[in-house]
Amino acid sequence: MIQFGKPTGVCKFVLVAILSLAVGRAQTYKAPRTPDGKPNLNGIWQANNTANWDLQGHAAQAGLITVLGAIGAEPAGLGVVEGGAIPYLPAAAAKKKENFANRLTLDPEVKCYMPGVPRATYMPFPFQIIQSQNKILIAYEYASTERLINMGKPIEPPDNSWMGMSNGRWEGDTLVVDVTGFNDQTWFDRAGDFHSESLHVVERYTPASAEVLNYEATIEDPMVFSRPWKISMPLYRRIEKNMQLGEFKCVEFVEELMYGHLRKKTSSK
Amino acid sequence: MNQRLCILATVTVSLFLGSVAVSAQALKPAPAAKTSNWVVGHTPDGQPDLQGTWTNATLIPLERKKELGAKEFYTEEEKAAMDAKPKKPIGSALVQHYDLAQFGLDRTQGKFATSLRTSLIMGPEGRMPPFTADGQKRIAAQTARIKGHEFDGPEFRNPGERCIVNNATGPPMMPSGYNNDLEIVQGPGYVAIIQEMIHDTRIIRLDGSPHISSDIRTWRGDSRGHWEGNTLVVDTTNFSDKVSFNRIPVSSNLHLIERFTRTGPETISYQFTMDDPQTWEKPWSAEIVMGPAPGQIFEYACHEANHSMENLLSSARNLEKEAAEGKK
């Protein structure tokens with residue numbers, strides 16, 4: 001039997017050094033501060049994964065629109081759901097399948113509708129965080145959508161909406177955002193993953209380095225899921241010097257799709 | 001305030017604001033309400049604080065009534081007399097069955113920031129300068145393109161009805177019939193303007209960087225801002241050729257300069273200069289005084305619920321079908 005003795009002094013030092021490097025990278029990064037002393041999350045960020053195609057792990061597959069060829073094909077992804085699978089209730093699992101089958105007509109993204117939360121975070125577009133004293137603005141390039149996170153006394157949602165009502169607070173360096181007041185119109189991805197009006201999302205934005213935020217969202221909806229579940233992914237800073245959000249006012253791009261059949265046939269655009 | 005005091009206040013405010021001249025002619029900002037000891041606050045990163053929820057609703061017309069000539073401001077007495085007269089709710093809506101108060105269309109209930117201006121357009125003319133030949137040609141072409149084709153397809157409707165951009169988005173940000181609420185948020189290096197109507201967030205960079213490539217043309221243009229004392233000066237170019245101002249198709253060479261100055265705890269002077277030599281014979285400037293809007297900005301899901309577009313086009317197709325069947 002091999003006996004492990006107590007670590008020697010040098011060995012102990014090396015171990016501690018390795019451990020603190022590993023832990024330090026992951027957990028003890030201290031974000032720079034804003035002029036009013038808050039963790040500074042200001043910047044333009046973007047996910048770099050295929051969660052918007054499908055939150056769960058998936059192989060690459062052909063797209064639905066033949067003429068788009070490889071451009072329209074779905075790239076593979078390892079999945080961002082903790083534990084791998086979304087815990088649907090049986091009826092909801094059936095609805096998800098139906099959504100997937102009819103995704104070309106049912107996915108709200110196809111029609112340039114507001115993406116909801118957390119989907120706005122991992123769409124293939126950048127978003128910008130602007131921190132004010134009492135509010136934090138998240139402006140998304142996609143469809144000029146925005147959320148204004150209330151950092152004061154929590155506000156009840158006055159009504160249901162696409163992007164919900166966001167109340168935020170700091171837990172150490174982590175921005176925790178509690179989002180409620182959703183309508184049931186948005187999806188989580190192009191795979192038909194959906195929710196009801198009972199959706200409750202808790203997001204956590206934790207600075208992991210100068211150029212990475214760790215993003216987590218806990219999703220709770222007793223009408224659709226058997227238990228709360230969690231997604232996580234890194235968000236990367238767009239470090240290009242000239243980076244700014246572009247204008248993606250996509251309504252114009254879907255008018256033919258949505259109203260083309262109602263056009264006067266003899267008229268040119 | 002009597003007239004002499006008013007002039008004195010105007011001069012004082014002008015001196016306080018520093019150079020307010022935005023074109024060759026010296027332009028006077030609207031006299032601000034007397035606010036004793038008030039000084040502008042600053043954000044933690046040192047910007048003058050413009051933040052809050054504001055409305056740019058106004059009853060002041062863009063262009064001055066001709067009979068007022070070069071009179072740029074009413075006196076306090078004249079304004080008080082006008083304010084005492086009952087305001088008319090929006091005309092045509094009355095004959096329909098809308099509850100004007102419920103939908104915020106009742107102008108007598110709206111909150112407006114006050115100003116003594118006789119027109120939003122500044123200076124002795126108080127009106128837009130004449131259109132250039134090119135501008136006239138462009139307007140005529142637009143009119144000809146739309147006339148008789150109003151219901152042919154979405155592209156024949158204005159961008160506001162299409163939920164792309166509207167008056168409020170601008171820029172310049174112009175008031176419309178209802179819901180003129182906007183929120184200004186400032187963070188290090190940026191000013192953001194969130195428009196409730198249609199929903200839009202415009203982000204203004206303050207880092208002194210150059211405009212984006214002139215190949216990139218957008219509905220809102222490309223904005224760069226800097227502070228001149230307490231005034232945020234925003235320079236916007238890169239407009240697309242689809243952009244219009246008050247239904248006037250401006251040229252894509254439009255160069256817009258906006259000036260935001262917090263003039264009191266409850267007022268922002270918002271001035272803009274339209275410099276588009278292809279459309280107007282000379283640049284012109286306007287001022288809107290913004291006042292506080294109660295409450296918070298809420299989500300305006302315009303396109304997501306734009307049943308009007310579908311109804312309008314399908315009604316037009318049905319009418320055509322009925323007309324064709326009637327002829328048979």
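The questions below concern a predicted model, beginning with the contact between its chains.

Student: How much area is buried between chain B and chain A?
Tutor: The size of an interface is often given as the accessible area lost when the parts come together. Here the contact takes 49 residues from chain A and 50 residues from chain B. Carbon and sulfur atoms give 57% of the buried area, and the total is about 4,100 Å².

Student: Which three residues supply more than any other three of the area that chain B buries against chain A?
Tutor: The share in question is 16% of the area buried by chain B against chain A. The three that supply it are B:Glu299, B:His303 and B:Glu304.

Student: Which element gives the largest share of the side of chain B that touches chain A?
Tutor: Between the two chains there are 21 residue pairs in polar contact. On the chain B side, at least two residues each come from several elements, including strand E2 (181–187) and helix H4 (307–327). The largest share is six residues, and it comes from H4(B).

Student: How many salt bridges are found across the interface of chain B and chain A?
Tutor: One salt bridge joins the side chains of B:Arg220 and A:Glu247, at 2.9 Å from N to O. Across the interface of chain B and chain A, the count is seven.

Student: Which residues touch the most other members of the largest nonpolar core?
Tutor: In soluble globular proteins, nonpolar side chains tend to be buried together. The largest nonpolar core holds 94 residues. Those touching the most other members are A:Leu55, A:Ile231, B:Phe260 and B:Trp284.

Note on methods
Residues are numbered from 1 along each chain as its sequence is written. Chains are lettered from A and ligands numbered from 1 in the order in which they are written. This is a predicted model: local features need pLDDT of at least 70, side-chain atom pairs count only at pLDDT 80 or more; totals for chains, interfaces and linings use all residues. Side-chain values use heavy atoms; hydrogens and water are left out. Contact means heavy atoms within 4.5 Å. Buried area is the accessible area (1.4 Å probe) that two parts lose on being put together, summed over both. A salt bridge is a side-chain nitrogen of Lys or Arg within 4 Å of a carboxyl oxygen of Asp or Glu. A polar contact is a pair of N or O atoms within 3.5 Å; within protein, one must be able to donate a hydrogen and the other to accept it, and residues adjacent in sequence count only if both atoms are side-chain atoms. Helices (H or I, at least four residues) and strands (E, at least two) are DSSP runs, numbered from the N terminus. A nonpolar core is a set of buried Ala, Val, Leu, Ile, Met, Phe, Trp, Tyr and Cys residues joined through side-chain atoms within 4.5 Å. Buried means under 20% relative accessible area, exposed over 50%, partly exposed in between (1.4 Å probe, protein chains only).
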